[in-house]
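Student: I am new to this structure and would like to understand the words used for it. Could you take me through them with care?

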Amino acid sequence: MIFCVENEVDASFDFDIEELAQTVAQAVLTEEKCDYEVEINLIITDDEGIQEINKEFRQIDKPTDVLSFPNVSYDEPGDFSVIEGEQKIDLLNPDTGNISFGDIVINENRVRSQAVDYGHSEKREFAFLVAHSMLHLCGYDHMEEDEAAVMEKKQNDILNKLGITRDN
């Protein structure tokens, strides 16, 4: 996995942003049984930066905590067989041979405020947002109640396996 981090706002936490993001992303890929070598881009921004992206790509003119931009078009969540064929050609980075999997944008301000709101660490909140986004990059969504339940269980299972709980 190639993981590129662009910290637009020079955010600093009491954990290594890149290391934690890579650990969580790899845990999701392993849990989802994604056998492809992938490339993921992570941007850390602030309220203004994420609001601008949210407005441009989702026509929602307000800040949010995280945005996910999957490059793979899934028939079913977690079914990576769609990467084969023509889609693979479109997704393949010719310089690395890896699949361009997608982009994650995290709002530093929301990591901090939601950690306080939910009574857990910034590390846990950041890890949760990465896990949440990675599941979106794997084709999952939470528009329907049953979809949301699946995502929530997967997020919690992955973070619990990594020992990143609401207690820390």
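Student: Are Phe13 and Phe126 buried or exposed?

Tutor: Phe13 is buried, and so is Phe126, where buried stands for under 20% relative accessible area, exposed for over 50% and partly exposed for what lies in between, with a 1.4 Å probe and protein chains only. The model is a predicted one, in which local features need pLDDT of at least 70, side-chain atom pairs count only at pLDDT 80 or more, and totals for chains, interfaces and linings use all residues. Residues are numbered from 1 along each chain as its sequence is written, and side-chain values use heavy atoms, leaving out hydrogens and water.

Student: Why is the pair of Tyr74 and Phe80 called edge-to-face?

Tutor: Rings of Phe, Tyr and Trp (its six-membered ring) pair if their centres lie within 6.5 Å, and planes under 30 degrees apart count as stacked, over 60 as edge-to-face and the rest as tilted. The centres of Tyr74 and Phe80 are 5.9 Å apart with the planes at 75°, so this pair is edge-to-face.

Student: What makes Tyr74 count as buried?

Tutor: Its relative accessibility is 17%, and Tyr74 therefore counts as buried; Phe80, at 7%, counts as buried too.

Student: How do you know that Glu145 is exposed?

Tutor: Glu145 has 72% relative accessibility and therefore counts as exposed.

Student: Why does Asp10 count as exposed?

Tutor: Asp10 counts as exposed because its relative accessibility is 67%, and this residue also has a positive phi of about 50° although it is not a glycine.
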